[in-house]
Amino acid sequence: MVSDLVFRSMTMSDIPSIVAIEQEAFATPWTPEAFKNELTSNMFARYMVMEQDGQIIGYGGMWVIIDEAHVTNIAVSSDHRGQGLGERLLSELQQTAAFFGANKMTLEVRVSNEIAQRLYRKLGFKPSGIRPAYYSDNNEDALIMWAELNRYQPTAEEQEW
């Protein structure tokens, strides 16, 4: 059931699970060292995991710089795809980006990845250009997409702080 999902910040102990999902999802997966560097050395990085029954089933990362968020990676484990979880995860990333002050979000996606592009369009992303030969494994072009984010509205409790 999708309602029992937990979203939380990624920790160092999550890296092995994240790398396993990364390796099944991408032709050129990030290394454990890359994730470690993001968590420890990149002040713009915001990474989250999506858990179900205590198991990490997806993750997403972004850099939030001033008022823009750039999605670095997002993936759902192969045995949990096709259930709308990617949409939930990206929506959570968008809300988190808005919380940190972003009003726009960008990402790159393979021009051949129609499934991902459909999801991104559903969540408000619009094509804005091409990065030629962006992907190192096969020199495929990347489609650049941008979305406007809804301004974060703090709850009454949060306003009291």
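1. Where is the place of Val-71? Val-71 sits in strand β4, which covers residues 68-76. Strands here are DSSP runs of E with at least two residues, helices are runs of H or I with at least four, and both are numbered from the N terminus.

2. A word on the model before going further. This is a predicted model, in which local features need pLDDT of at least 70 and side-chain atom pairs count only at pLDDT 80 or more, while totals for chains, interfaces and linings use all residues. Residues are numbered from 1 along each chain as its sequence is written, and side-chain values use heavy atoms, with hydrogens and water left out.

3. Back to Val-71: the residue is buried, at 6% relative accessible area (buried is under 20%, exposed over 50%, partly exposed in between, with a 1.4 Å probe and protein chains only). Leaving aside residues up to four places away in sequence, Val-71 touches Gly-61, Met-62, Leu-90, Met-105, Thr-106 and Leu-107 (contact means heavy atoms within 4.5 Å).

4. Now the neighbouring strand. β4 pairs with β5 (residues 104-110) in the parallel sense, over three bridges; pairing requires that DSSP finds at least two bridges between the strands. Across from His-70 stands Thr-106 of β5.

5. Finally, the whole sheet. Seven strands make up an open sheet with mixed pairing, ordered β1-β2-β3-β4-β5-β7-β6. Its edge strands, β1 (5-9) and β6 (126-131), each pair on one side only.
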